[in-house]
Amino acid sequence: MNITILGAGMVGRAIVKDLAADVNNHVTAVDHNRNNLDKLGTDTSITVEQADILNDEHVKQLLDDSRLVINALPGSIGFKVLHQIISQGKDVVDISFFEQDAFELDKLAKSRGVTAVVDCGVAPGLCNILAGHVHSLLDETHRYICYVGGLPKKRIGPFEYKAPFSPSDVLQEYIRPARFIENGKPVVKPALSDLELIDFEEVGTLEAFNTDGLRTLQHTLNIANMCEKTLRYPGHAELMQVFKESGFFDADPVEVDGANVSPRSLTSKLLFDQWYLHDDEPEFTVMQVILEGIEDKTNKRYSYYLYDEYDLKNCVSSMARTTGYTCAIVARQILNGLYTLKGISPPEFLGRNTACYQDLLSKYKKRNINLTESILIL
């Protein structure tokens, strides 16, 4: 099967190598950055193409023979490219995490007979799958909360943070207002607000703060109380709040020595080297998802915990493993006919499909991604 992966960054490369491991697959990796493509080596089951992703005609030609496409591009261009992929009638799994509403493309996807799974990483992604799964088990779901973060093992001040993707995408977490559901009603809170400290066995104390991570969940699942919080080492949120209040995250240009400069673009540029996560740099992903509700007239709490570290043997980052392998597993489910729903599918739709859910868990186990479940009677 011909599979095209658009974007060969740290996560994209993990997807490429995972899918290329199947003898029946031929994978084409597309990126504008030659260095990213060179890191894929000389595997004969992988073709590399250096291309301008924004060149619609070129991308159209690259996708012509594809059975399925992975969109692993930055969020700033993700929606535009997804629209093009669907327009060509190609099934797609998307991890670009764009700001736009994916359901705007639902009618188009259905008219083209396309299965398009969006937000298919770890968060959003796995957390949505868990939410969809538990929601399908409970008679009533009252509460959903997700705590999640990816962090370097070595804490280097002042930020104590490294980004597995562009700093400009990370800054969106600190800028975009957090949309929650409280007592059945939409609520908007500032990003970085409602700070709390949480202890994790493998990590110690981390801070959690509001971010806009619910995305499709706030519209697809009927749950009275829902929120997501991002995890960082203590002190990071306060520092980001200072940057934010001082105008460093503003998008509108300001005049500096006769030139118009966007503070956000400049900040992202300056942070790139400081936040750059090197390919061999140890890091980890930690996530806790909690859902509460009524099942068979009994109050229950489903809790899921994920802790994953950098894979030293295969030199794959934890964020690439948890995000990329989730995407690759779902791609196989589409290719193998296990998931066939046409239109836009957020990951929670897969979670309510028992066969897909069980397949995901078994594939995680083969890749040594440890997700634990506990059920408590309240």
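Here is a walk through the strands, the cores and the ring contacts of this structure. The model is predicted, so local features need pLDDT of at least 70 and side-chain atom pairs count only at pLDDT 80 or more, while totals for chains, interfaces and linings use all residues. Residues are numbered from 1 along each chain as its sequence is written, and side-chain values use heavy atoms, with hydrogens and water left out.

Let's start with the strands. Helices (H or I, at least four residues) and strands (E, at least two) are DSSP runs, numbered from the N terminus, and two strands pair if DSSP finds at least two bridges between them. Strand β15 (residues 283-295) runs antiparallel to β16 (residues 298-309), and twelve bridges join them. Along this pair, M287 stands opposite L306. The two strands make a hairpin with two residues between them, and D296 in the turn has a positive phi of about 55 degrees. β16 is also joined to β18 (residues 371-377), again antiparallel, by seven bridges; here K300 has I377 as its bridge partner.

M287 turns up again in the largest nonpolar core, which has 96 residues; M287, I70, Y144 and W275 have the most contacts inside it. Such a core is a set of buried Ala, Val, Leu, Ile, Met, Phe, Trp, Tyr and Cys residues joined through side-chain atoms within 4.5 Å. Buried means under 20% relative accessible area, exposed over 50%, and partly exposed in between (1.4 Å probe, protein chains only). Helix α11 (residues 318-335) gives the most to this core, with ten residues. A second, separate core of 24 residues includes L6, L62, I85 and L105.

Now for the rings. Phe, Tyr and Trp rings (for Trp, the six-membered one) pair if their centres lie within 6.5 Å; planes under 30 degrees apart count as stacked, over 60 as edge-to-face and the rest as tilted. There are twelve aromatic pairs by this rule. One of them, F79 with F98, is edge-to-face, at 5.3 Å centre to centre and 75 degrees between the planes. F79 is buried at 15% relative accessible area, and F98 is buried at 1%. Y174 and F209 are tilted, because their planes are at 55 degrees, with centres 6.1 Å apart. This pair links helix α7 (residues 167-175) with strand β11 (residues 204-210). Y174 and F209 also belong to a cluster linked by ring pairs, and W275 is another of its members.
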